[in-house]
Amino acid sequence: MPTRRPAARVLFDESHGESWTIRPEVARAIQPAHPEDSSYALAAQALARRDVAVTAHVQGPLDAAALAAADVLVLAHPSDPRWERTVPGAAGPVLGDAELEAIETFVRAGGGLLVLGEEEQEKYANNLNALVTRFGITIESDAVSDYEHHDGAPHWVLADLDHTVAGGVDALANVGSACFYRAGRLALRDGARALARSSGMASAPRAPLLAAAQVGAGRVVVAADSDLFGDDCIGLHDHETLWCNLVLWAGAAAFARPAPRRRSPAHEDPHWAQLRGAVDRVRLAQQRDGSIELARHDRTWLDAELQTICAAARALGEHFPHQREYIDAVVCDCQAWAREGFGRPDFTASLAVFRPELHRRDGIEHLVLFPMYKQNGSRDQVLEALIVRVPWPDWLAELEATRYDNPKFVPVTLVDHTAGYDSECAVLFPETVAVADRRSNNFGAIFCDREAERFRRMTRAAATMLSLNLPPDAAALVASEAISEQAFALWDLIHDRAHSRGNLPFDPFMIRQRMPYWMYALEELRCDLTAYAEAAALERDGFGFASNVRHAILLDRMLRFPITGQRVRNYDGLAGQLLFAFLHRSGRLHWTDGRLTIDWIAAGEGVLELRALVDELYRSGIDRSRLQHWCAAHDLVAAHVPPTTASAWRASRHAFSDDEDPRRYIDLVHDDEFPLSIFYASLRGKLGDALRRPLRAAA
């Protein structure tokens with residue numbers, strides 16, 4: 001699997017006599033006979049698979065300079081060597097006063113802290129309590145036993161887990177069981193909350209074993225046992241998931257940081273401002289088909305504006321040497337449009353040589369100048385100008401080259417654009433460009449930054465409204481501009497490729513042909529379910545980042561798609577309705593007490609079940625007539641999303657006869673054949689503000 005740049009950084013302290021290390025060679029020095037009993041190497045590897053870098057702090061104080069390189073600090077059971085074998089050559093287990101102050105400052109400013117204590121805490125001669133009591137948590141010197149709820153021994157205590165959602169996040173998501181080995185207990189105050197407790201039958205009934213606290217902008221987690229994440233134990237129960245959840249939850253502030261901004265010399269060039277301004281002025285003079293009525297607009301003014309556009313485009317060419325042929329062609333198309341009297345524009349020639357798919361290099365920029373309509377925006381084919389940048393990191397290029405070949409796919413982000421792109425349009429396809437002849441079909445560009453922004457905006461609002469139980473990694477996805485953009489790039493790569501693969505009917509669905517709109521809904525959903533399954537396969541193969549694709553598909557499809565856009569043959573919306581209804585009816589998600597709760601593991605299984613149903617519909621479609629296939633598809637959707645009461649397509653009502661051309665029956669399809677449920681109708685009304693994309697700042 002390809003490697004990725006870390007999204008967060010964990011500093012694992014090994015300078016204060018810790019009994020645990022992330023370095024295998026040091027673990028062997030501590031415990032030659034059984035190094036696993038001193039090793040957190042597997043815990044570090046689990047985080048690395050989730051794009052979290054883990055480094056050891058081996059010498060020097062934990063001061064501001066040391067902590068500046070961390071998002072989360074881990075202190076794993078420092079001990080006096082009389083009681084534990086510890087990291088060779090490390091200083092004693094006591095944190096200095098300056099270190100305590102530095103760590104508290106680090107946490108309150110947004111850092112994460114994970115402290116692993118032990119039973120009989122006092123004997124180890126560390127001063128962890130001098131630190132954690134500042135955050136409302138104390139590690140009591142005790143050894144909890146439970147003769148009723150244990151895993152083979154009374155001191156191996158099976159914890160009662162608290163899945164209470166706090167701040168929209170379930171820190172224990174996907175954790176069904178955890179065992180604390182010879183654990184102490186915690187005392188809590190000042191809002192610190194228990195995540196895991198002993199049972200009511202334990203020697204210390206209902207004692208907190210694992211606790212969390214929100215402290216200023218940062219987060220603290222304290223465990224009364226350090227063994228449960230060691231190499232011996234991290235593979236037991238759900239300890240690996242718990243470990244990763246706690247680190248990601250504690251490091252939440254790291255994911256909320258804005259992505260770094262790249263300079264764009266083309267955008268800073270004064271010729272771009274000239275081009276953008278002239279295009280915006282000409283656009284306002286155009287009719288819906290792109291033509292301009294010369295009886296209403298001064299020809300001299302138009303000619304001057306076109307000259308400005310052409311001159312600025314040529315001047316900008318120095319920033320786009322790979323587009324020399326395109327810029328020449330687009331200037332010729334503009335000049336021909338003016339020469340022929342500003343009728344309906346024809347940019348066939350320039351579209352044919354606009355080839356961004358041939359230059360997929362990370363950070364490369366393209367100039368785009370076409371008369372075109374905007375999907376999910378204006379249908380007017382008017383002049384627009386864009387500067388777009390291609391995100392093509394090595395890991396994405398490797399996956400495309402080795403696993404998901406898709407030579408036409410181009411992820412892009414918007415550097416700047418004319419006013420017509422102040423819309424929800426998130427694609428740039430050849431079909432949107434005004435041409436007179438048969439258009440070329442060389443590329444498909446997806447604005448992953450715009451899709452990701454819309455996803456974050458809508459998911460945050462919906463999750464808050466519905467008290468959704470987001471896992472920590474999903475919360476990181478929703479918070480992070482960089483992670484969400486990259487997740488959408490991978491999702492789109494696999495989704496786009498899936499349109500031409502699988503048990504397809506004889507006529508590929510994406511050929512522009514007249515069909516009932518639920519056929520397009522099922523096709524879009526099929527490709528998303530395929531992307532979900534592929535993301536799960538990537539995770540199994542060790543590419544942990546793919547979990548973000550799974551979360552994005554579930555959340556975007558279910559929370560955004562059904563309530564955006566018009567209710568006129570809204571096939572994307574219907575795909576989301578079907579996914580939600582299938583998971584709800586099969587008990588994978590629950591709407592109870594005003595809360596939407598998703599069983600994330602079961603929901604993943606449900607996605608694969610729904611995929612199997614859709615695949616079977618497709619597989620058997622080759623044996624049906626076109627009308628029969630449309631009816632079977634309607635029946636599949638209607639089994640989960642009730643059609644309108646007036647539907648002529650209900651299985652109990654339709655009396656269609658097979659014709660060679662059954663398109664006349666499409667006229668019987670209602671604009672909203674599958675209306676919104678009470679749940680979605682209410683959600684749409686409550687999320688009105690989030691549905692509107694914020695206007696961009698003035699350039």
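This is a predicted model: local features need pLDDT of at least 70, side-chain atom pairs count only at pLDDT 80 or more; totals for chains, interfaces and linings use all residues.
A cavity, as I use the word here, is a set of grid points where a 1.4 Å probe fits but cannot get out, and a residue lines it if it has an atom within 4 Å of a point.

**Entry 1: cavities**

I searched the whole structure and got two cavities of 30 Å³ or more.

Then I turned to the largest cavity, with its volume of about 50 Å³. I listed Ala 8, Arg 9, Val 10, Val 52, Asp 71, Val 72, Val 247, Leu 248, Gly 251 and Phe 255 around it. Here the classes come out as seven nonpolar, one polar and two charged. Which element gives the most to this lining? I found that it is β1, with three residues. Both β1 (8–13) and α6 (239–250) supply at least two.

**Entry 2: the five-stranded sheet**

Next I traced an open sheet of five strands, ordered β13-β14-β15-β17-β16, with mixed pairing. β13 runs antiparallel to β14 (residues 382–389), and eight bridges join the two. I picked one of the pairs to look at: Leu 367 has Ile 387 of β14 as its bridge partner.

I also checked what packs on this sheet. Helix α9 (residues 270–285) touches β13, β14 and β15, and its direction makes about 150 degrees with that of β14. I noted α16 too, which lies across β15 and β17 (444–447) and runs at about 140 degrees to β15.

**Entry 3: α9 against α10**

While on α9, I looked up its packing with helix α10 (residues 299–316). The angle is about 145 degrees and the axes are 9 Å apart. Is the crossing of α9 and α10 left-handed or right-handed? I have it down as left-handed. On the α9 side, the contact residues include His 271, Trp 272, Leu 275 and Val 282. From α10, I noted Trp 301, Glu 305, Ile 309 and Leu 316 among them. By class, the residues of this contact are twelve nonpolar, three polar and two charged.

**Entry 4: the eight-stranded sheet**

I moved on to another open sheet, with eight strands in the order β2-β1-β3-β4-β12-β11-β10-β7 and mixed pairing. Its edge strands are β2 (52–57) and β7 (160–161). Inside the order, β11 (residues 208–215) pairs with β12 (residues 218–223) in the antiparallel sense over six bridges. One bridge I followed takes Leu 210 to its partner Ala 223 in β12.

**Entry 5: the second largest pocket**

Last, I went to the second largest pocket, where about 1800 Å³ of space lies. I got 50 lining residues, with Ala 259, Pro 260, Arg 261, Glu 481 and Glu 485 nearest the centre. Sorted by class, the lining has 23 nonpolar, eight polar and 19 charged residues. Which element gives the most to it? That is α16, with six residues. Among the elements that each supply at least two are α13 (394–402), β15 (409–417), α14 (448–466) and α16 (481–498). I had already noted α16 lying across β15 and β17.

Methods: Residues are numbered from 1 along each chain as its sequence is written. Side-chain values use heavy atoms; hydrogens and water are left out. On a 1 Å grid over the protein atoms alone, a cavity is a set of points where a 1.4 Å probe fits but cannot get out, and a pocket is an open set with protein on both sides within 12 Å along at least five of seven lines; lining residues have an atom within 4 Å of a point. Grid points are joined across faces, edges and corners, and a volume is the space filled by probe spheres set on the points. Helices (H or I, at least four residues) and strands (E, at least two) are DSSP runs, numbered from the N terminus. Ala, Val, Leu, Ile, Met, Phe, Trp, Tyr, Cys and Pro count as nonpolar, Asp, Glu, Lys and Arg as charged, and the others, Gly among them, as polar. Two strands pair if DSSP finds at least two bridges between them. Contact means heavy atoms within 4.5 Å. Axes are lines fitted to C-alpha atoms, for helices over the stretch in contact, and angles run from 0 to 180 degrees between N-to-C directions. A crossing is left-handed if the near helix is turned anticlockwise from the far one by less than a right angle, and right-handed if clockwise.
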